[in-house]
Amino acid sequence: MITAFFWIIGIIVVFIAIMFVYYYNKFVVLSNRIDNSLSQIDVQLRKRADLVPNLINTVKGYAKHEAKIMREVTEARKSLLSAKNLPDRVKAGDILQNALKSIFAIAENYPQLKANENFLHLQQELSAIEDKVAYARQFYNDSTLSYNNSVATFPGVLFASIYGKKQKDFLKIPEASRAVPKVEF
């Protein structure tokens with residue numbers, strides 16, 4: 001009878017130990033996934049910023065009197081590269097994206113520029129990078145959702161409090177990006 005009692009206690013202790021290890025590892029894996037997705041966003045924002053000088057040089061030859069827009073793009077790129085944390089980089093990236101839209105609007109006035117092979121290539125690369133940025137942001141938010149669900153649901157909430165884990169913030173879209181675009185014909 002006493003041996004069965006010790007077996008039951010032993011099984012319970014092993015089960016509890018396994019649960020502690022499982023939830024610790026789960027929080028580490030999910031947290032690392034979030035950190036990785038932040039790094040991917042950063043990589044894509046950097047790639048976009050690195051393409052900007054080539055784009056500006058291509059456009060400058062055609063649109064010499066569009067200096068104001070060129071300055072805006074250059075300043076937006078500079079603020080992206082000097083941003084210290086991810087929220088600032090994301091905000092600067094959005095400003096750069098809006099400034100780049102001005103460059104592409106300029107191209108509409110210069111048919112030779114629109115047909116320029118370098119310009120078309122840079123435009124395609126920027127479009128691909130925008131898709132990757134959007135995907136990386138989605139992956140970050142999906143990873144954050146998984147982490148937050150683990151931290152907030154039972155029994156994860158118990159282990160999260162033991163390990164001092166708290167819910168993480170989602171990446172948010174700036175209010176300016178939420179506005180419905182105005183279409184005029």
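The structure is a predicted model, in which local features need pLDDT of at least 70 and side-chain atom pairs count only at pLDDT 80 or more, whereas totals for chains, interfaces and linings use all residues. Residues are numbered from 1 along each chain as its sequence is written, and side-chain values use heavy atoms, with hydrogens and water left out.

When neighbours within four places in sequence are set aside, Leu55 is in contact (heavy atoms within 4.5 Å) with Leu100, Ile103, Phe104, Phe119, Leu122 and Leu126. By contrast, the C-alpha atoms of Leu55 and Leu145, which are 90 residues apart along the chain, are separated by 37 Å.

Leu55 also belongs to the largest nonpolar core, which has 42 residues; such a core is a set of buried Ala, Val, Leu, Ile, Met, Phe, Trp, Tyr and Cys residues joined through side-chain atoms within 4.5 Å. The members that touch the most others are Ile41, Leu55, Val59, Val73, Leu100, Ile103 and Phe119. Two or more residues are given to this core by each of α1 (2–60), α2 (67–82), α3 (86–108), α5 and α6, and the largest share, 13 residues, comes from α1. In soluble globular proteins, nonpolar side chains tend to be buried together.

The axes of α1 and α5 come within 9 Å and cross at roughly 165 degrees, axes being lines fitted to C-alpha atoms, for helices over the stretch in contact, with angles from 0 to 180 degrees between N-to-C directions. The two helices, α1 and α5, are therefore roughly antiparallel, a term applied to angles over 145 degrees. By class, their contact has 19 nonpolar, 11 polar and 8 charged residues; Ala, Val, Leu, Ile, Met, Phe, Trp, Tyr, Cys and Pro count as nonpolar, Asp, Glu, Lys and Arg as charged, and the others, Gly among them, as polar.

Ser143 lies in helix α5 and counts as buried because its relative accessibility is 2%. Apart from neighbours within four places in sequence, Ser143 is in contact with Arg33 and Ile34.

Conventions. Helices (H or I, at least four residues) and strands (E, at least two) are DSSP runs, numbered from the N terminus. Buried means under 20% relative accessible area, exposed over 50%, partly exposed in between (1.4 Å probe, protein chains only). Angles under 35 degrees count as roughly parallel, over 145 as roughly antiparallel, 65 to 115 as roughly perpendicular and the rest as oblique.
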